[in-house]
Amino acid sequence: MPIAQWLREHVFLFEGSTRSVALLRVLAVCVAWSRLGATLVPDGEMGAMAWATSMVFWASTSLMFVGLFSQPASLAVGLTTWVVYANHGDFGTADLHAHHVLAQALLCCLLSLTPCGRSFSVDRWLQGSRALPERGELWGLRLLQMQLVVLYAGAVWEKSYAGWLSGDRMLQVLMNIYLGSDPTGWLTQVVAVSIAWGTVFAEGGLALAVLFAPSFRSRLGAYLFGCTFHGLVYFLTPVSTFTATMAVWLLVLLPTDDVHRITERLLRPTKGQAPSTKSRQLPFLLGAAVLLLLPIYGRLVPTVPDGSGFMTLGEDVCEVRWPDGPAVAGTRRDVHKKVCGRPDLPSNPAIRCVVEGSWTDTKLTKLCRRLPKTAKRRESAR
Amino acid sequence: MVVGPVLGQGFGINRPYLTAWHMFRTWGTGTMEVQFYQRTPNGDVPLNRLQLLGHTHWRTSGVDRIVVKRSKVRKQAQRICDVLGTPADVRADVISGTVQGWKKVMSREKNLCR
């Protein structure tokens, strides 16, 4: 078959079920919220540009999630994510100028080129009986597949050098995350070499599967393998966002009509099942009793919530003012960092902190007392 | 989609507007492998670093577990010297992780207790 004809049939005029891209649309928003949500919650230190990006991000991700004006919303999410990637300084962390944020931006931008609002969406619901069938032109899906291939091919290329293939780089990673700086034995080195080569074969295999896997079974196998591979990376390393993005993106491996068939089976109502006659009063009453009694029980047992969480919101916020100088405000920890041990700042500031819900005058010596260490957490998601 | 990776990863031409999938390239680099030795008249005796620093297992060794700076090697050596008492002669073999593999940093040239 001539190439032009093949391209016409399998790319430019490619049609299929829109449920794949609709699922991608919903899951992409979940990943975006998990990574960028905390960063893009507005706060007092954000500049105007960051505020605007935050507002657009929350509005567009909400629309994209429910599927209202799905395609423009997807484009907006992609563009705001790219703004975060390019202007990471406005959001306080260089960690945002990384491939995992770029991958999210690309995913959403490419989704906007697909009819991702034609299934599982408010757009479809509003159309009612006029709704188009859940099929559409999916040349945008071909772009998603192509980008995935390029991404995996780039990953393989990036690892194709002696430092990685000898296992040395993987050993450094294992030592950094788990083993520490003591010399490792031959078994650890064998494991490191195996993982190093394994990732190259896994990523290369996934790229080839997207392009060449002939049947639904082989594609399903590759999809499950890919999700397992990325799941292991998520579980064993501090790489979370990129892993989740890839696991979502891998949906493009599956033939669209097979995804439609699977979702249809999952959503199809069961026939011939008589309604249950069992009373659900007792479980309901027990559950209601537990919820109502929690605030009482919670005060007695420190591990049980007692509903007082919001009472301590804003607790330990401090404000430091000088007569002719700047003012500093924030949590006690933030103010401590900015004010304590700073001989360049004027002396005798007026300090007050929130204690048990009320502003209380505080002395500098008390503010600058050594703070308790916070519990160490795993590195933030990447 | 293709131009960025080809130029960036194939030819090393990286630009902000061209995507290239340089992923995890430097992650883990700087991690050092450290082996301390006590020099004795009978030769160099390998030392258990974490045990001499007061830990029973690498999982509970906290900040002592990982070394990424030369200054930390010297500080840990000093603590080991204090445990061994004077006159101790403690030396270290240290290699540091780089993108290309491992790079030698120390080869037992100096007595770290001085």
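Between chain B and chain A of this predicted model, the count is 1 salt bridge. The partners are A:Asp182 and B:Arg49, whose closest N and O atoms lie 2.8 Å apart.

Which elements of chain B give two or more residues to the side that touches chain A? They are helix 1 (3-10), strand 1 (32-40), helix 2 (49-52), strand 3 (90-98) and strand 4 (101-107) of chain B. Strand 1 of chain B provides the largest share, with 4 residues. By class, the side of chain B that touches chain A has 16 nonpolar, 13 polar and 4 charged residues.

Here are the overall values for this interface:

| Item | Value |
|---|---|
| Residues of chain B in contact with chain A | 33 residues |
| Residues of chain A in contact with chain B | 37 residues |
| Area buried between chain B and chain A | about 3,300 Å² |
| Part of that buried area given by carbon and sulfur atoms | 60% |

Now let us turn to a helix pair within chain A. Helix 2 (residues 19-40) and helix 12 (residues 241-249) of chain A pack with their axes 10 Å apart, at an angle of about 175 degrees. Angles over 145 degrees count as roughly antiparallel, so helix 2 and helix 12 of chain A are roughly antiparallel to each other. Helix 2 of chain A contributes A:Leu24, A:Leu27, A:Ala28, A:Val31 and A:Arg35 to the contact, while helix 12 of chain A brings A:Thr241, A:Ala244, A:Thr245, A:Val248 and A:Trp249. Sorted by class, this contact of helix 2 with helix 12 of chain A has 7 nonpolar, 2 polar and 1 charged residues.

Key: Residues are numbered from 1 along each chain as its sequence is written. Chains are lettered from A and ligands numbered from 1 in the order in which they are written. This is a predicted model: local features need pLDDT of at least 70, side-chain atom pairs count only at pLDDT 80 or more; totals for chains, interfaces and linings use all residues. Side-chain values use heavy atoms; hydrogens and water are left out. Axes are lines fitted to C-alpha atoms, for helices over the stretch in contact, and angles run from 0 to 180 degrees between N-to-C directions. Angles under 35 degrees count as roughly parallel, over 145 as roughly antiparallel, 65 to 115 as roughly perpendicular and the rest as oblique. Contact means heavy atoms within 4.5 Å. Ala, Val, Leu, Ile, Met, Phe, Trp, Tyr, Cys and Pro count as nonpolar, Asp, Glu, Lys and Arg as charged, and the others, Gly among them, as polar. Buried area is the accessible area (1.4 Å probe) that two parts lose on being put together, summed over both. A salt bridge is a side-chain nitrogen of Lys or Arg within 4 Å of a carboxyl oxygen of Asp or Glu.
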